[in-house]
Every structure is written in C-alpha cells, then in structure tokens.
Amino acid sequence: MPVKPIFKPSLLRNGLGTYVQPCHKVTIQYCNWGGSSKSIRDLLSTGSINKFASENLNIFVEVVKKSGHPVLKFDYSHDKQDSVEVRNKTTTEVLKLLSDYSQRSGNELFKYNHKVLSNNESVRGVWSPMHEHKGHRFKI
Amino acid sequence: MLSRSFNILRGKPWGFSLVPVRTYQVSRNDESLKTEYDDITNYGSYKNTIFTHRLPESTAQQSPPLVALHFRLNLPKTYQFSTLSQALNMIKYEGLANNYGLNTLGKTLLSYYVSEYLLVRYPRLPMPIHNAAVDSLMGVESLYELGKAWGIQVDTTSKLDKKLSLESEFLQYGRLRFLSDQDKNQFTEEGIIELNLQEARTLNPNTNHFISREHDAYASAVRSIIGGLYTHCGETVTKKFIDDHILSRKLLLENMFQFSQPTRELARLCEKLNFKEPLQIRLMAETGRLSSHAIYVAGVFVGTEKLGEGVGSSLNEAKTRAVVNSLMSYYLYTPINEEGNPVKLPSDTDYKLEGIIGDGDVAI
Amino acid sequence: MANASATNATKSVNPTSSNGITSLKKQVDDMKYLKYDSNGSNSLYAILRLHNIPYLVTKGDKIILPTRMKGVKVGDQLTFNNVTTIGSPNFIFNSENGVNPDLFEIKGSVVEITKEPYYEVYRKKQRCRRLKTIPVQNYQTILMINELKLN
C-alpha cells in the first residue's frame, strides 16, 4: 500500500453551515415564600417568563419550586453548565441575565488577545527570503 | 438485551479454550420480534407479531425538550414531532416504534452525499484516504459530537425513579432512549469500564479505543433525524441539511497522509501520467551550508514545470518535503469549471460532468 | 437580517461612481485572476472593515469583537460590504476606497455574545488613602465568517 491514512477527526464549525444555539435548557429555581425570590414570582405572575419562552422556542424552560435563594441554571451543548444566583435581583436584572446567559456557548470566559481566531492555514503562506528575486536578496 | 458482559481487564474468559471447529452460517430469527409463520419454508407467511405503535402526534407535541430540539435544528413544519421522538428511541421492546428503519435510511443518505462530495471535490484522493475522510465526516465519533452539539440528552432515570420524582411522562419522549431499566440502575465504579459484547467487538487492542453504546446511540439518533427529514420533507431539504451540518465540518485532509516511500511513489505516478521528460529534484536555493542552521529549498521538476517544492534543514529533508508536497498537490487537486466556480455535484440540478474522474491509485 | 454596514464608521465608496464604468470592468477582469487562483474561492482571504477596524479573515474564522454589537442577537446573519482587500495565494486585489460589493459575497453569523473574564482596575490618587476599585467585565461578540466567495 503506497499511502497509509492517519485518522484525523473533522472539526465542528457551528455557525458555518447553519447555527445551532448551544444553550438548550434554562432552569429557573425559586422559592414561593422567601423575599429574595420576589422578582421571580413577579415575573411568573406577569407572564414575562412565558414571553421569554415563546420568544426562544429553541430553549426548554423549566421552572422549579424549591426553598432557598433563586438560581438560574443554564445547560449548554457538550454537557456544559452554568448557573447564576439571582437573590434580591430586580425583574429587569433577572431578564437581562436570562437573555445574556442564553446567548453564551457555555465555554469558560476567556479573553483572546487577537482579533481573529482561525483554524485555517494562512492563504499566502509564510514569507521566505529564499524566494525573493536574486537581485533583492539580503547579502551577508 | 445482552446480559453477558465481557471485561477488558480480564481478557479471555477462564476455563474455556478456543478450538477451531468447522462451522457454517445459520441464519436465526430475532426472537424478540416474535415472528410467526404458517410453514417454515413459506417465507410469504412470515409475520412479526411484536406490538409496536407510533407515539401520537398530540403526545409528542407536549414534550418540551422535543419541541425545543425541533426548533433548534430549524426543522420544517412538515417534520412531525412523533418522528423526531421515534428517531431518539432505540429501545425495541417497550411498544414504541424505534429508529431502526430511520437509522438505515439516514445512514444511506449520509454515505451517498458524503462520498459524492469527496469523489467530485477530490477525485484523485487515494482509496485509503478517501475511506478515512468518509469516516472523519460521518463516523460514529463525529456524529456523536454533532448529537451533543444539538443538545440531545440521554434518558437516564428508570421507570421507578420517574414515578417517585413525579417526573412528567412527556419529558422522556424528547430524550435519547437506549438504556434499559436494568442498565440505568446498574452501579458503576469510577475508572473501571465494563464493556458489553457489542462494545467489546469494536475494541481496538492497540489503542484501547472502542465505540461505546452511548456514542453509538447518539450517532444513530443523528442519522435517524436525517432519515426522518427525508421521509417528511424530501431530498432537497435533506441535502441542504447534510451540507449544513456534516459537509460544513473542517476536514483535515492534509494531515491524513502517511507516505512510506514518497520518492518512489512520485516516480511511479509520473510514469503512469506518461510525462515525456524525466523527474528531477533540484536544489533551488540554500543558505548557511557551513553553519549549524542551514536551510535548503528543493524543487521537483518535470522539464520546466515545477510540481512542488520544500524547505528543510538538510538536503534530504528538503528533498523529501518537496516530493511529499508535489504528491499532495496531485492528490488534493480540486477541479473547477470554466467560470472558476467549484464543479457541480451529480445531485445538483443541471448536472453535467465538468470535473475529472480519478485514475486510481499507483502501486509501488 | 441585520446589515453590518450600518455599524461601519466609514461608508464604503463605490469605485464605479468615481471612476466610471471602465474601472468596474477592470475590477471584474482583475477578479478573474483571483477566482481561478483561489481554486473556486477555496483559498481566499479578505480584509474587511468593521467599525473602521480591519480584520483579515478566511472562511470559517471567528472575529472576536471586544464589545457588544448593537442591534444583533445570536444567530443573526451579517453581510459585510466594506472590504479593502481580497487575496488569493498569488494575487491581491486592493482598493483604498473599498472593493465593489457586487464582486464578492462575505457573510458572517453572530455565534456568541458573551463576556470577558472579570478583573478589577485600581485607581490611586496622590495624598488620598483611598484605593478606588473599578470592576471590569466587558462584553464580547463572536462572529463566524460563513461565506467568502467571488461572484
């Protein structure tokens, strides 16, 4: 056999062909009695959570009643999870957190100190002094 | 399911030696299908009497994870929720229709579109690399990753747990069902993997790699969703879906070649292509031959045509790199049409052969 | 469908309007070299401007903006039409005023709107014992280039 294969898995590029939102489930946990859950109770009674769910049909929204401070839990693809405690937060703050966290990918936050993140090889390749015209080459 | 299990730590079962026996293939009925017949030779009368039914559409619509998955994948409205739920069911015995047929259909469609894409885009790809590329695009591991990215989750709670925790029965219809109640309750120890027979069959003893049931189930769910898309929405939609989700992946073809004798292979290739002039490898530029960090640039030429070039820190390295580069530029050639666009695939409308057909591999 | 040109600080100037039709014809002819050389738009890069900042991209790249892009949400498609350079392995087409948007198609989608890791900035004034602590956690918008081809 002249050539042997080396198996390399292909890379998933979400957003290239089509985009599948990584956040697939939101769990809203609140307490029916505690004062820190007041805003969540307001959101539930005014129907804002319903509105969020109907605007984001691709997210499964679950409401859990449990004693303790209220928590928003987010499930992302590849089994990643994130949660944020929302005790004593106002309704607008909670809604903002809901929309912010549901637009994330669940990866750890990181600052990439370059403008573009690429998997591709450079189109023009690396500059080589050996390929300059003979007259322009650097002479020692 | 298979209750016998096979432990990789143990290896061969004790008190049992393999003696070669002359055997012949006997086809057996799958007893779980409860096949009945009037006469054993009357194949027309064979009938599976196992009771299965499809999930009612009204029930499927009430499963939140299922509806969310439908919207996340942006599936057309004609795609029924019950089919999507069926695509996630691998269990044969519990009365609900499983994904066996959808899986087969999806697999066939996938292999058609993937191999069509590779054969037309890379007509000169050697056979082993082509197979590896197909596996890289639509192998179990890639499809498992895709299933995970789609947010499909496994149904891990047993019937008893569901009853006790008052879990809504609709939730399970949107989850991947492949574990029996016995598997769900099985105690697992961290760091020890017990393989069942099916997994043990896929075990590669050199790399200790095997395809786990979970990976296989995810892959089967992805294939079945594609199969379901074809049944409900037809070919063009399915083709677009495969294009978007599978063929949009980045294929690392350049890293998949392992040459044993590249120079000889290139010489054979030139012979096969009937080049008039001899193959020559020439030194094009060099610097610092007497220093510790010399750089040489070698080029592969046929007459005045340059096939490829390579840079190396020794003459031999530069030569080998040049040869490998020219081989790669031959194998990874992509045809374009007269307007400079990628050529059409046979499944496109108004297809006519614009590209080339590969000449086959060379033998050394 | 949001249009990225709305956020561009400089408006792309159409070379046809300034130099007449011959210039456009020349641009189209020049693009032919790029098109054949890039092997059917396979190996092609472009330098596009967003908020007047240049980004060199190929297909499949992620642009990481250190801000929250206004008026977009995750999954939106953007069309980039302020492009100064398009290049293939052997040719570059460069136009200071911007390449005519009819000649190429560059699209991106908003893949993620997230934040940078949290950090604190300390400010100390002279002759004042107080150390002012400013919490910083900026937004980040990640775009993926999903279409880069010559027409």
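## Burial and overall dimensions of chain A

Among the 140 residues of chain A, 26% count as buried, a figure that, like every other value in this report, is computed from a predicted model. The radius of gyration of chain A is 25 Å, whereas a compact globule of 140 residues would have a value near 14 Å. Taken along the principal axes, the box filled by the C-alpha atoms of chain A is roughly 85 × 45 × 25 Å.

## Secondary structure and contacts of chain A

Three helices and six strands make up the secondary-structure elements of chain A, and reading along the sequence gives their order as β-β-α-α-β-β-β-α-β. When the contacts in chain A with a separation of 6 or more are considered, 67% of them are accounted for by residues 24 or more positions apart.

## The surroundings of Glu36 in chain B

In chain B, strand 2 spans residues 35-36, and B:Glu36 lies within this strand. Once the neighbours within four places in sequence are left aside, the residues in contact with B:Glu36 are B:Lys47 and B:Thr49.

B:Glu36 is classed as exposed because 10 other C-beta atoms lie within 10 Å, and the limit for an exposed residue is 12 or fewer.

Terms used:
Residues are numbered from 1 along each chain as its sequence is written. Chains are lettered from A and ligands numbered from 1 in the order in which they are written. This is a predicted model: local features need pLDDT of at least 70, side-chain atom pairs count only at pLDDT 80 or more; totals for chains, interfaces and linings use all residues. Helices (H or I, at least four residues) and strands (E, at least two) are DSSP runs, numbered from the N terminus. A residue is buried if 20 or more other C-beta atoms lie within 10 Å of its own, exposed if 12 or fewer, and partly exposed in between; C-beta atoms are placed from the backbone. Two residues are in contact if their C-beta atoms, placed from the backbone, lie within 7 Å. The radius of gyration is taken over C-alpha atoms; the globule rule is 2.2 Å times the number of residues to the power 0.38.
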